[in-house]
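Q: I'm new to this one and would like a close look at a single part. Could you walk me through it slowly?

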Amino acid sequence: MISVEPGRLKKLRLCAACALSILFLSLFLGGAEVAGILSPFLLSFQAVPAALRAMGDVSLSAATPLLLLLGATLLLGRVYCSFLCPLGMVQDVCNRLGGLRTRAPLPPFAAVRYSFTVLTVLAALFGSFALLNLLDPWSMSGRLAGHLLKPLALSVANLAVATLEIFDIYVLSFKKLSIPPASVLAVILFFGLLIGAMSLRFGRAWCNLFCPVGTILGLLSRYSLLGVRLDPQNCSGCRRCETVCKAGCIDIRRGSIDRDRCVVCFNCLTVCPQGALAYRPAGRRMDAESASRREFLWGLALAGTTAVGSLAASTGLVPAGMVGQSVPIFPPGAKSLKNFSRSCTACHLCVNVCPTRVLVPAYLAYGIAGILQPRLDYRIGHCDFSCHACGLICPSGAIVPLTPAIKKQTRIGSVRLYEQRCVVHLNKKHCGACGEACPTHAIIPAEKGRVVFPTIEQDYCIGCGACEKACPTSPRAIVVTAEQVHGLAKKRLDPTPAAALPVTGEEGFPF
Amino acid sequence: MEQYSTAEEADMVKKGIKDRKRREFIGKGVTLGAAMGASLLLGDPARLAAQIMPPGPPDLVAVRNGEPDVMFRKAIELMGGMDRFVKKGQTVLVKPNIAFPSAPEYGANTNPLLVKAVVEHCFAAGARKVYVFDNVAATSAGIAAQCYKNSGIEAAARGAGAIVAPGDHERYYQSVEIPGSVSLRTTKVHELLLESDAVINVPVAKHHGYTFLTAAMKNLMGVVWDRQHYHFNGLDQCIADFCLLCKPVLNVVDAYRVMMSNGPQGQGLSDVALRKMLLLSSDIVAVDTAAARLIERDPMQVYYLKYGQAHNLGTMDLDTLNIIRHDLG
């Protein structure tokens, strides 16, 4: 029988969680470059993004992180929840602030978590991410960090910058704060406060009521090799373990640990004076049972009915083909509206790292099926020509990283000039703000009489919005509309190779 | 015009004027000969140039065929020295063009070597502080750092001891009125403009798709926050109006690499000509007129030059100016 010294396991978990918390904070607050370095390490094993990547790119390399995660769960139990999940770390901090008060075991509420999970998965399979986006713990963490924590951190940083500037020290720059639209903020605050309140008093109750990842990993951990197990013969009934159990899954009266709900935090191992708790494989002796089979079946039945009933009504959740200008503009690397909307869980990490702030969280721009998925807003910024921070960071494959050359030709929108709003057409005076800004020279100057007019050559337009952002009129005279499938624009070629700079050989000065 | 009582009288006056001119010509010729002889004997033919020119510093200096910093050194010497423009203890704003995140070979920004040389000369003339900044062309936030970096200007200016400041946030700008303006009544200018004792304008000369030329006058757009206001209210007139408020003591026009077409961004290296020139003048209209000719455009097409002249900011008539042209090669 293998068993590990209990005190060490909790310390291990605490160290890992602390280290990863610091890394996650760096990911969310450190800017695009830091995020780019940390994201492969921190995000590969986040459950939902890994699953979406595996489904989007059907290859062994894409599926490996997911398989490793599932394998680890089968081996070790729900270790993801205590070691890797950033939302778990947030809840543990709140729980500590709440004083880790004496707890009675919590009822299993199996029906609730199975219903939510089945609904979430079925809706997702039918094309609606409404529940997935809201309940995925990684995405929740991304939004809480990006929209609540980051503005706070930036305000503090800006204060420091402003102080340094008094002394003519300009090494850091003043950052613009981005507050999401009120509807988005309301949703984020609602969940933030809910999870905060729940974890303050009830530890990991969220994880065992609403989290689809927790539920599925919990189901797997029933069969895991290792797990926290109770030896009823050594148990004196002091119930100290119940007071520290964050999941409320130890029930000494019934002599059972519900491994479905155990988040493998190892808190209980250190407090048992009898050594009746251990993290080990199943012994030959009768171990206390997991949550009763009956509960499970009832839960499944309830889930099933709710699911079928909701799906009947859920045809409204699946987006009909979005037509015309109502289609939001989505980032280069997303490939198509369908690919983006079916892979993005609205973690808003792309919004977080976007240097021009053009990526904004949307509320229902993609319909309820794409709730909170982000879009580009050309009133706020434009998609910078040389930048692809979003593609380099997206953990779920909703935005695929493109090579710089391809990104610079990727057409995410097409442009149109409304002459009746353009100051050059109206006032016959020079403007050219759009033409100045266009990185692909899709807008070229055309002299007509004494005035130069902006003229569009659609083939070269990549829909980056630099023109729309620069246009001084309101409403804009030049507007970009989304391409539902991202193709490639034509590229203007530079006929002169780098070495052959023309050298004018004339004498004197031309004046 | 004087009225003469008889045709005879008129002829006599005209003859008198002719005689005087002839005497002056002979006098100048003799002086020239003497100067040439003297300078040959003394072994210093370079003094010849100074002898022929009328006294006082030139209005415009044009140098060619050197590296940017070498050309500047020569140009400022011919102009009478940097201490004509920068006094001891002053705070100077050196305003280059850092519009785009392009490397120097694309000619979209001022050459970093030139910026470095200008900053160094400011300190040599006794400046206490030198600031460098630009409100870059990109209309969205977050690009300025790349412009500062890729252009090489941030490193060059810092290396020379300048304080490189940001221009990409509205908090640095204050609203001012522009008396005498036609279209640009008020604008928000960078506080460094208000804090500096002297401004040295260091633009790069290049083609511009919509104003035909961007050089000294248009470079000052980088000192304001809301450039869209210019575009909306008549770009050319606003450019000229702003020069009523901001009057650089010196304009140093970088024409080392000149973007001859597809400006202001440029499409590639094929737009850039290696002209190795530098223009120096306190007359912002004149130096831009010369720059227009440099990019092979008719100055009359560059409307803000006319408007600038109408505001008495300078002259487009280069023939009335004292111009020194110097070839280093």
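Which residues of β1(B) point one way and which the other way, and are they buried or exposed?

A: Some ground rules before we zoom in. This is a predicted model, where local features need pLDDT of at least 70 and side-chain atom pairs count only at pLDDT 80 or more, while totals for chains, interfaces and linings use all residues. Residues are numbered from 1 along each chain as its sequence is written, chains are lettered from A and ligands numbered from 1 in the order in which they are written, and side-chain values use heavy atoms, with hydrogens and water left out.

Now to your strand. B:Leu60, B:Ala62 and B:Arg64 point one way from β1(B), while B:Val61 and B:Val63 point the other way, and all are buried. "Buried" is under 20% relative accessible area, with exposed over 50% and partly exposed in between (1.4 Å probe, protein chains only). β1 of chain B covers residues 60-64, and five of its five residues are buried, leaving the strand mostly covered. Strands here are DSSP runs of E, at least two residues long, numbered from the N terminus.

Next, the neighbours. Two strands count as paired if DSSP finds at least two bridges between them. With β12 (residues 323-327) of chain B, β1(B) runs parallel, joined by five bridges. With β11 (residues 272-281) of chain B, the pairing is antiparallel, again over five bridges.

In β12(B), B:Val61 stands opposite B:Ile324, and in β11(B) its bridge partner is B:Leu280.

Definitions and conventions
Helix = DSSP H or I, 4+ residues; strand = E, 2+ residues; numbered from the N terminus.
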